[in-house]
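Let's walk through this structure together, starting with charged pairs and moving on to the nonpolar cores.

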Amino acid sequence: MKNITVIGSGTMGNGIAHTFAQHNFEVSLVDINPGALNKAVQTITSNLDRQLKKGAIDEQLKNDTLSRIKIYTNLQQGVANADLVIEAATENREIKLKLFKQLSDICDDKVILASNTSSISITQIAAVTKNPGNVIGMHFMNPVPVMKLIEVIRGYATTDHVTQTVMQLSKTLGKDPVEVNDYPGFVANRILMPMINEAVYTLYEGVAGVEEIDTVMKLGMAHPMGPLQLADFIGLDVCLAILKVLYDGFGNQKYAPCPLLVNMVTAGHLGAKSGNGFYKYTQGSKELIVADKFTKNSLNL
């Protein structure tokens with residue numbers, strides 16, 4: 001396995017492309033938006049420069065990594081030589097189903113089709129393809145070049161061979177793969193999202209403020225980042241989408257998204273990527289400042 005195609009050049013897609021290219025794989029990065037592809041290459045270059053500055057890589061490895069990444073806006077061209085395709089498109093069921101049906105039609109039967117989905121059923125995705133045994137989940141963690149875990153999700157029809165191949169491939173990337181079965185939210189988000197949702201409820205019900213909630217979890221539970229800051233980092237729209245998958249999949253009220261989270265997403269306050277969430281974000285600044293909505297003088301939920 002040498003040729004990897006990554007579909008989607010956003011935060012996860014460019015991180016996955018970066019990681020494979022840095023480990024000697026030839027990578028085709030596909031996106032319908034040329035501007036997004038150019039931005040992705042800039043991001044990868046910046047991240048490589050950061051690694052270079054820290055002494056984690058040398059100039060030769062940086063240049064070799066970039067030389068292994070080719071960009072495409074045409075899906076058929078982008079998957080022409082693929083041994084493995086990894087989908088990292090937006091967390092939307094209909095988009096993923098449509099894309100995997102296309103991939104099934106244009107890819108060779110031996111190509112492994114993987115999704116980086118954080119919650120959507122691999123079994124359901126596989127069902128629209130001609131070879132469901134070749135479909136698997138590879139849930140990378142953000143930031144991909146840094147985080148060690150890959151949650152490998154085995155769909156109902158995924159074969160032993162495909163699972164073993166992806167587990168071994170993940171180790172080749174210097175990652176620690178963990179095999180899990182295909183149920184809503186898998187393991188990571190089935191546990192993480194209810195915690196984030198409960199933190200939002202704790203704010204919504206006036207138990208404590210944003211900083212106080214995050215401080216308790218950081219200092220009391222040794223979490224590197226508080227749940228509200230983490231929600232901002234993930235994207236509040238992504239958190240909401242995953243909670244809806246959990247709620248629809250299990251029908252249990254404990255997964256029902258907090259009304260405050262729903263309102264924030266509706267208002268376009270999506271966290272770090274929109275500049276405003278539970279905290280406010282200014283480009284180039286690392287200072288963490290509570291969003292105006294949630295300051296003690298203006299708290300009005």
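Buried here means under 20% relative accessible area, exposed over 50%, and partly exposed in between, using a 1.4 Å probe and protein chains only. This is a predicted model, so local features need pLDDT of at least 70 and side-chain atom pairs count only at pLDDT 80 or more, while totals for chains, interfaces and linings use all residues. Residues are numbered from 1 along each chain as its sequence is written, and side-chain values use heavy atoms, leaving out hydrogens and water.

With a salt bridge taken as a side-chain nitrogen of Lys or Arg within 4 Å of a carboxyl oxygen of Asp or Glu, the count comes to 9. One of them joins K96 and E91, at 3.7 Å from N to O. K96 is buried, at 1% relative accessible area, and E91 counts as buried too, at 19%. E87, E91 and K96 are linked in a network of salt bridges. Elsewhere, D108 pairs with K110 at 3.6 Å; here D108 is partly exposed at 46%, whereas K110 is exposed at 62%.

Now for the nonpolar cores, which are sets of buried Ala, Val, Leu, Ile, Met, Phe, Trp, Tyr and Cys residues joined through side-chain atoms within 4.5 Å. The largest has 32 residues, and I16, F20, L84, I86, M138 and F140 touch the most other members. A second, separate core of 28 residues includes L230, M264, Y279 and F294. Back at I86, contacts (heavy atoms within 4.5 Å) beyond its neighbours within four places in sequence include I4, V6, A114 and M138.
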